[in-house]
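Here are some notes for a first look at this entry. Please read them with the sequence and the structure side by side.

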Amino acid sequence: MQGALLDSVTCEDGEQLALPDASLTYYPAFYCATRCAELFVHLRAEIPWQQDTLTFGGKTVPVPRLQAWFGDSSSHYGYSGLKLIPQAWTPLLAGLREDLQTRLALPLNSVLLNWYRDGADSVAWHSDDERELGPDPVIASLSFGTARTFELRHKQRHDVQKISLGDGALLVMGSGTQRHWQHRIPKQPGLSGERINLTFRFIHTMA
Ligand SMILES: O=C(O)CCC(=O)C(=O)O
Ligand SMILES: [Mn+2]
């Protein structure tokens with residue numbers, strides 16, 4: 001069954017969303033509108049966006065969005081067979097990381113950027129549960145531009161919860177989120193607006 005928008009309890013530092021088995025904190029406007037507009041323009045123009053491909057069963061398909069990976073030089077990451085070599089922090093990305101680390105008191109050493117050019121772009125159901133992220137990752141997800149629906153599906157019960165992530169929103173996927181839930185950005189046919197999302201992570205160096 002598709003869920004309604006998640007209930008929330010307002011906290012001083014954001015809203016703790018009522019998601020069973022997981023900690024999910026939502027800041028509707030982590031950045032103000034003027035700052036968001038400026039950040040969107042810079043990110044769109046200055047990030048070297050890549051069209052990556054994935055290979056499944058001998059068939060190569062383009063990832064349905066553009067991506068980029070930045071981080072400390074040790075933060076090698078990958079998913080579904082795709083290897084991501086980190087590019088060095090730009091001043092703008094380093095500034096966003098600093099804002100998040102200060103506000104959330106959380107170490108973050110890398111960021112995956114996604115540019116959804118319109119409603120035809122998407123990310124399929126997945127959990128960010130690769131070994132390099134550790135057993136219970138905390139991921140800080142910043143959104144800019146057109147609002148898109150972020151869906152979460154419980155791994156056992158299969159119920160779906162939805163959150164609209166608008167311009168300047170921060171969603172902190174905390175303890176339990178990756179273990180018990182999958183998430184996705186579904187396609188939204190007819191939507192022409194663009195969205196840029198940044199998921200800041202901490203990558204552990206593997207032996
Ligand atoms: O665009 C989003 O809000 C989510 C992106 C995501 O799940 C990812 O980069 O792993
Ligand atoms: Mn993800």
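1. Start with the hairpin of S5 and S6. Strand S5 (residues 53–56) and strand S6 (residues 59–62) run antiparallel and are joined by 4 bridges. Across from Thr55 sits Thr60 of S6. There are 2 residues between the strands, and Gly57 in this hairpin takes a positive phi near 50°. Keep in mind throughout that this is a predicted model.

2. A second hairpin comes from S3 and S4. Strand S3 (residues 14–17) pairs with strand S4 (residues 24–27) in the antiparallel sense, over 3 bridges. Gln16 has Thr25 in S4 as its bridge partner. Here 6 residues lie between the strands, and Asp21 in the turn has a positive phi of about 70°.

3. Asp21 turns up again in the contacts of His154. Leaving out residues up to four places away in sequence, His154 touches Asp21, Asp159, His180 and Trp181. His154 belongs to strand S13 (residues 148–154). Is His154 buried or exposed? His154 counts as buried, because its relative accessibility is 2%, and the cut-off for buried is under 20%. Thr205 is 51 residues from His154 along the chain, and their C-alpha atoms are separated by 29 Å.

4. Next, helix H1. The helix covers residues 33–46, which makes 14 residues. At 1.5 Å a residue H1 should span 20 Å, and its end C-alpha atoms are 20 Å apart, so the two values agree.

5. Which residues of H1 are buried? They are Cys36, Leu39, Phe40 and Leu43. Seen down the axis of H1, these buried residues fall within an arc of 105°, so they line one face of the helix. The general rule behind such a pattern is that an α-helix has 3.6 residues a turn, so residues three or four places apart point the same way. On the other side of H1, Thr34, Val41 and Ala45 are exposed.

6. Now the cysteines. Searching the whole structure gives 0 disulfides. For Cys32, the closest cysteine sulfur is that of Cys36, 6.6 Å away, which is too far for a bond. A disulfide would need the sulfur atoms within 2.5 Å.

7. The metal site deserves a look. Which residues are the protein donors of the manganese ion (ligand 2)? They are His126 through NE2, Asp128 through OD and His183 through NE2, lying 2.1 to 2.2 Å from the ion. Their spacing in sequence is H-x1-D-x54-H. Asp128 is buried, because its relative accessible area is 5%. His126 counts as partly exposed, because its relative accessibility is 21%.

8. Last, Thr90. This residue is in the loop between strand S9 (82–84) and H2. Thr90 counts as partly exposed because its relative accessibility is 24%. Thr90 and Phe70 are 20 residues apart in sequence, and their C-alpha atoms are 8.4 Å apart in space.

Definitions and conventions. Residues numbered from 1 in each chain as written. Chains lettered and ligands numbered in written order. Predicted model: local features only at pLDDT ≥ 70, side-chain atom pairs only at ≥ 80, totals over all residues. Heavy atoms only, no water. Expected span 1.5 Å × (residues − 1). Buried < 20%, exposed > 50% of the residue type's maximum accessible area, 1.4 Å probe, protein only. Arc of directions from axis to C-beta. Pairing = 2+ DSSP bridges. Donors = N, O, S within 2.8 Å, 3.2 Å for Na, K, Ca; no water. Contact = heavy atoms within 4.5 Å.
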